[in-house]
Amino acid sequence: MTPSAPRDADAPRGVSIADPDARVRSELKRRTREILERERPGADPEAIERERTVVRECRHLLRLLSTRARSEGELRSKLTERAVPAALAQEVMDRLERADLLDDAAFAAEWVRQRRQLRGLGDEALRRELRDKHVAEAHIDAALAAGEDSEEQRCRELVRSRLDTQDRRRLRRERDGAHRRRLARRLDALLTRKGYPGDMAVHVISGELRRAADRS
């Protein structure tokens with residue numbers, strides 16, 4: 001009768017040291033059981049609260065972005081107003097950037113296009129607005145340089161839009177220049193509010209009033 005192979009005292013019953021594959025399987029099973037049965041430490045409460053805060057602030061900024069485009073500086077200011085700690089605020093902004101939701105160059109370009117079209121603003125007024133929104137000067141310069149019309153041409157179009165048929169008729173009839181002076185003051189105040197340079201405003205107003213008074 002052939003003697004059976006000796007059994008390792010630490011091996012499970014029925015597993016012999018002469019069966020190395022069985023020993024490997026047994027060891028893997030034992031380690032797996034240890035891992036599965038090991039008591040798991042509870043989740044870090046601080047990490048959980050941090051993640052909740054970041055997600056909450058991300059959602060808040062997304063709601064703001066759903067109403068209109070905003071610059072990175074505007075969004076950071078909103079987090080500051082909400083007293084979000086600097087490290088958490090940076091994590092929020094990093095997540096928005098990874099989601100391609102931050103683009104100050106595109107924001108500045110669209111802001112300039114719309115404000116020129118809807119309000120007829122001059123470059124200086126637009127520059128002030130974008131600076132207030134913490135947009136970098138390079139992005140502002142690029143946005144202001146865009147467009148086919150020059151600032152002077154936009155200024156002329158604005159002045160012409162404010163001269164109605166009655167104004168033109170009175171300019172052609174008057175002899176003392178009183179209405180012309182009133183119009184010049186009104187238009188100068190308008191162009192100042194819109195952010196056009198003073199020397200450009202004087203030049204454009206003078207030329208457009210002469211043109212409007214021309215009887216030919």
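A residue counts as buried under 20% relative accessible area, as exposed over 50%, and as partly exposed in between. The exercises below use this cut-off on a predicted model.

**Exercise 1. Describe the overall make-up of the protein: how many helices and strands are there, and what share of the residues is buried?**

Solution. 
- Step 1: The protein has 11 helices and 0 strands. Along the sequence this gives the pattern α-α-α-α-α-α-α-α-α-α-α.
- Step 2: Of the 216 residues, 34% are buried.
- Step 3: Take the contacts between residues at least 6 apart in sequence; 60% of these join residues at least 24 apart.

**Exercise 2. Decide whether Asp100 is buried or exposed, and state where Asp100 is found.**

Solution. 
- Step 1: Asp100 sits in the loop between helix 4 and helix 5 (104-119), just after helix 4.
- Step 2: The relative accessible area of Asp100 is 69%. Because exposed means over 50%, Asp100 is exposed.
- Step 3: Look at the backbone. Most residues other than glycine have a negative phi. Asp100 is not a glycine, yet it has a positive phi of about 60°.

**Exercise 3. For helix 4, compare the span with the expected one, then list the buried residues and say what covers them.**

Solution. 
- Step 1: Helix 4 (residues 86-98) has 13 residues.
- Step 2: The distance from the first C-alpha of helix 4 to the last is 18 Å, close to the 18 Å expected at 1.5 Å a residue.
- Step 3: Leu88, Ala89, Glu91, Val92, Met93 and Leu96 are the buried residues of helix 4.
- Step 4: Their cover includes helix 2 (45-67) and helix 3 (72-81).

**Exercise 4. Which residues of helix 8 are buried, and which helices do they pack against?**

Solution. 
- Step 1: In helix 8 (residues 151-161), the buried residues are Glu151, Arg154, Cys155, Arg156, Leu158 and Val159.
- Step 2: The buried residues of helix 8 pack against helix 5, helix 6, helix 10 and helix 11.

**Exercise 5. Classify the packing of helix 5 with helix 7, and describe the contact.**

Solution. 
- Step 1: The two helices pack at an angle of about 40°, and their axes are 8 Å apart.
- Step 2: That angle makes helix 5 oblique to helix 7.
- Step 3: The crossing of helix 5 and helix 7 is right-handed.
- Step 4: From helix 5, Asp104, Ala105, Ala108, Ala109, Val112 and Arg116 meet His139, Ala143 and Leu144 of helix 7.
- Step 5: By type, the residues of this contact divide into 6 nonpolar, 1 polar and 2 charged.

**Exercise 6. Classify the packing of helix 10 with helix 11 by the steps of Exercise 7.**

Solution. 
- Step 1: Helix 10 (residues 178-194) and helix 11 (residues 198-213) pack at about 140°, with axes 10 Å apart.
- Step 2: Helix 10 is therefore oblique to helix 11.
- Step 3: Helix 10 passes helix 11 in a right-handed crossing.
- Step 4: Helix 10 contributes Arg180, Leu183, Ala184, Leu187, Asp188 and Leu191 to the contact, and helix 11 contributes Ala201, Ile205, Ser206, Leu209 and Arg210.
- Step 5: The residues of the contact of helix 10 with helix 11 divide into 7 nonpolar, 1 polar and 3 charged.

Technical notes
Residues numbered from 1 in each chain as written. Predicted model: local features only at pLDDT ≥ 70, side-chain atom pairs only at ≥ 80, totals over all residues. Heavy atoms only, no water. Axes fitted to C-alpha atoms, helices over the stretch in contact; angles between N-to-C directions. Helix = DSSP H or I, 4+ residues; strand = E, 2+ residues; numbered from the N terminus. Parallel < 35°, antiparallel > 145°, perpendicular 65-115°, else oblique. Left-handed = near helix turned anticlockwise from the far one by under 90°. Contact = heavy atoms within 4.5 Å. Nonpolar A, V, L, I, M, F, W, Y, C, P; charged D, E, K, R; others polar. Expected span 1.5 Å × (residues − 1). Buried < 20%, exposed > 50% of the residue type's maximum accessible area, 1.4 Å probe, protein only.
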